[in-house]
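Reader: Could you please walk me through this structure? I am new to reading models of this kind.

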Amino acid sequence: MTMSMPTAYAAGFFLTLFPLSLVFNVLFGWARHPLARSALLLVWPQIGLLLFTEVPGGAAPWAIATAGFYALRMLAVREMGIWTAQLATGLWAILWLVLPAGDPAAVHLYALAMSLPLVLLVLVAHHVTRRFGAAYAGAPGGLATRTPRLAGVLVVAVLVAVCTPPAAPFFVLLEGMFRATLSQALALSLVWLLWSWAGIRLIQGMVVGPGDGDAMRDLAKWIAWAYGAGIVGCILLGIHIAGGLS
């Protein structure tokens, strides 16, 4: 069955092809509460997958261009919420490369694998904001010395979200590379490099340095362990996805 234009555009809204991706970014900015943002991150791409019937021609280059555009923008972003939304836009666009896989359950799992680390980032940003008033790179800064447990969770969550192996997003990206042409795979590799660069810049701005002001209350140990369990879950999901790669 051929995908109709209205359905294709609707799928593009939820699987974040530029400029349709602007809708998600605006809604994410409006949803200030971390639980609302988390729900949006989990549900948004799943709606797009329910609307999807067939990949239209030109979707793969469009998706890679979208991911590359937002990856470049992430290099200049300092606020964790905006950074997370732009990373989400790029990650979900990559799903267009794995949609022809033909297994709807697998693709829904891929979308979940992309979204879970983003939820961790939203929750970490909320903890930073509660303690320091904002979650900007460079302000507060110095989290490693001021709140070491929070800093450790932030670093690992960022690394997982930018597709660092063996976390689940890496294997979804790898599946996209397997299904892409050589030129598309090279372009995806460049996008991955930009994501990693943007992640290091965010970590450097948030974690490194002496920081301004006195030490703040760190994460409770049980909360840090809960984040650790979530990160381990992302890794185990990645191992599961790796076992099914074609």
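Reader: How many helices and strands does the protein have?

Author: The protein has 11 helices and 0 strands. Here helices (H or I, at least four residues) and strands (E, at least two) are DSSP runs, numbered from the N terminus. This is a predicted model, in which local features need pLDDT of at least 70 and side-chain atom pairs count only at pLDDT 80 or more, while totals for chains, interfaces and linings use all residues. Residues are numbered from 1 along each chain as its sequence is written, and side-chain values use heavy atoms, with hydrogens and water left out.

Reader: What share of the residues count as buried?

Author: Of the 246 residues, 52% count as buried. Buried means under 20% relative accessible area, exposed means over 50%, and partly exposed lies in between (1.4 Å probe, protein chains only).

Reader: And which residues have the most contacts inside the largest nonpolar core?

Author: They are Trp 83, Leu 87, Leu 154, Trp 195 and Met 206, in a core of 85 residues. Helix α6 (residues 104–132) gives the most to this core, with 14 residues. A nonpolar core is a set of buried Ala, Val, Leu, Ile, Met, Phe, Trp, Tyr and Cys residues joined through side-chain atoms within 4.5 Å.

Reader: What is Leu 87 in contact with?

Author: Leaving aside neighbours within four places in sequence, Leu 87 is in contact with Met 74, Leu 118, Leu 121, Ala 161, Val 162 and Trp 195. Contact means heavy atoms within 4.5 Å.

Reader: Let us turn to α4. Which helices do its buried residues pack against?

Author: The buried residues of α4 pack against α2, α5 (80–98) and α10 (182–207). Among those buried in α4 are Ala 63, Ile 64, Gly 68, Tyr 70 and Met 74.

Reader: What span should α4 have?

Author: At 1.5 Å a residue, the 16 residues of α4 should span 22 Å, and the end C-alpha atoms are 22 Å apart, which agrees. The expected span is 1.5 Å times one less than the number of residues.

Reader: Which residues of α2 are buried?

Author: In helix α2 (residues 22–30), the buried residues are Phe 24, Asn 25 and Phe 28. Seen down the axis of α2, they fall within an arc of 95 degrees, so they line one face of the helix. The arc is that of the directions from the helix axis to the C-beta atoms. In general, an α-helix has 3.6 residues a turn, so residues three or four places apart point the same way.

Reader: How many aromatic pairs are there in the whole structure?

Author: A search finds 9 aromatic pairs. Rings of Phe, Tyr and Trp (its six-membered ring) pair if their centres lie within 6.5 Å; planes under 30 degrees apart count as stacked, over 60 as edge-to-face and the rest as tilted. One of the pairs joins Phe 18 and Phe 69, and it is tilted, at 4.8 Å centre to centre with 50 degrees between the planes. Phe 18 lies in the loop between α1 (5–14) and α2, while Phe 69 is in helix α4 (residues 59–74), 51 residues apart.

Reader: Why is the pair of Phe 170 and Phe 171 edge-to-face?

Author: Their ring centres are 5.0 Å apart and their planes are at 75 degrees, so the pair counts as edge-to-face. Phe 170 is buried, with a relative accessible area of 13%, and Phe 171 is buried at 12%.
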